[in-house]
Amino acid sequence: MKKLLGLALGILTAIGGFVDIGDLVTNAVVGSRFGLSLVWVVAVGVVGICLFAEMSGRVAAVSGRATFEIIRERLGPRAAGANLAASFAINLLTLTAEIGGIALALHLASSIEPRLWIPVAALAVWLVLWRVKFSIMENVVGLLGLLLIGFAVALFLLGPDWGELAAQVARPSLPEGEHAASYWFYAVALFGAAMTPYEVFFFSSGAVEERWTRKDLSQNRLNVLTGFPLGGLLSVAIAGCAAVVLMPRGIEVSSLSQIVLPVAQAGGTLLMAVVIVGIVAATFGAALETALSSGYTLAQYFGWSWGKFRRTVRAARFHLSMIVALLLGVGILMTSVDPIAVTEMSVVFSAVALPLTYVPILVVANDPEYMGDHVNGRVANGLGSVYLVIVLLAAVAAIPLMIATGAGS
Amino acid sequence: MTGGGRARRCGAALIASLLTLTLCGCVASRQQPGQAGAAVESALELASSAVETTTLTVTLLDDDRLTSAVADTAIADQIGELADASAALTTLVPPDDDSASARADGLDAVAQATAAVVAARAFVARDAGAELSDAGEVPADASAAVDLLDTASEAIDALLGQG
């Protein structure tokens, strides 16, 4: 019974932890402009993140070491250094976006200026990182993030023409007035949002934090293969709500406040409040994960002592790097930069950095020296190779598309 | 050539380039007629989206499906969008009479939309219990606020239809 509960908890936290500010904003923008015609990208992204998260979890469970430690050892300091530079920069951008997301969600609930919420949000993130146990932290924010299921409830309550929505999914086409370049720009952004690099660093380091062994491989697979696809359905529900309510009115999503309007229309103030709490939890959880990922990548590259399972004083540089990352994030946001713009930038640049994150994972997962008889099978390698091509295409296309479309405008 | 000499030459070339750019630079903000038309259309679409968002917000608030805090935030966000639309039009340098006329009409429509959205925000504040002076022309009820928004929306749609 206890084991079953553990499995259910793992899956639920994977669902609740899947959506972050990048998914929220990008899916709502896409839903309001392109309907459900980009759902196929979410599906491609979810399969990709399942594939690589499973690999990195397996690497951690089998070797007892996090992905980044092995990447440096296996590929040398130069290649790992390039990986570190790209991953840390994207992590920082994503962390900034998540703190901004918390502030915007609290602004939405309270009408108090988001700039006043930014330091409060960062302080709360730091306190949790400092004081709360890893498993409690992961489970609480993951379960609260499940409240985003309110978007799926809202979609059903709105009573849309399901045939029309299914047609948008099955036969993707450009809505009138939209340009093909914008469509592909958002396709890359959605892909970047679904496959954000911090997720795999957090996943593999989290496996070490929770002291996974080979015995946990089946739980790893179940969490990833059930939790992430269900989390992907939440993303589709967010796009669906925007497609049903905002798109017919010609409303283009440019702020978090617009994202909750379809929910309010469907379920009134109660459902809207549930979803706002879900947004705070999802962005807060992602801020914790990205802050941790910043500490993990730096500490694992430089060989510092790391992990929340250690007493703070035993992993001082790991904790200090998280504090510095948080302060940098707050500093960027206090320049009055629009958090939504930071979010849009973070998902696009995530797409650019994807190859640097995922190529080394595929290399390590195929190394029998680390993996023994748990190296990738044929299916994982076949899919991994296909995804490397997709990831490379997305990385190459991201910046030209951003310039050509004025970031999708 | 020594390293110091090369550095001095590079520095002199850089200064000369900057002086040339400063003294002979041309105005780069002037646009082609097609670009100007697209910029006006883009600004009007932004304004239209802001007005529609505000209309939806006021309607939901009137139906008790939205809290005042969320409504206030949603409308404040749209005022920011309208400021962006207005800035896009005011910084446009029209290359011909048609573009100049389209920009002037666009500015009028965005100003009307801004007034309607600002009035809707005042209505939301009064609905939440704030004591406001009548000099601010606060709509008496939700339908009055929506009427103002509808009029602004029609003006924008008419211009978008012409384009």
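1. Helix 5 (residues 114-131) and helix 14 (residues 316-333) of chain A, in this predicted model, have axes that come within 10 Å and cross at roughly 170 degrees. Axes are lines fitted to C-alpha atoms over the stretch in contact, and angles run from 0 to 180 degrees between N-to-C directions. Helices are DSSP runs (H or I, at least four residues), numbered from the N terminus. The two helices, helix 5 and helix 14 of chain A, are therefore roughly antiparallel (angles over 145 degrees).

2. Contact means heavy atoms within 4.5 Å. Helix 5 of chain A contributes residues including A:Ile118, A:Trp126 and A:Trp130, and helix 14 of chain A contributes residues including A:His319, A:Met322 and A:Leu326. By class, this contact has 11 nonpolar, 1 polar and 1 charged residues. Ala, Val, Leu, Ile, Met, Phe, Trp, Tyr, Cys and Pro count as nonpolar, Asp, Glu, Lys and Arg as charged, and the others, Gly among them, as polar.

3. The mean pLDDT of chain A (the predictor's confidence in each residue, from 0 to 100) is 88, and 96% of the residues score at least 70. Confidence is lowest in helix 1 (residues 2-18) of chain A, with a mean of 63, and highest in helix 7 (residues 150-158) of chain A, at 96.

4. Local features need pLDDT of at least 70, side-chain atom pairs count only at pLDDT 80 or more, and totals for chains, interfaces and linings use all residues. Residues are numbered from 1 along each chain as its sequence is written, and chains are lettered from A in the order in which they are written.

Methods. Side-chain values use heavy atoms; hydrogens and water are left out. Angles under 35 degrees count as roughly parallel, over 145 as roughly antiparallel, 65 to 115 as roughly perpendicular and the rest as oblique.
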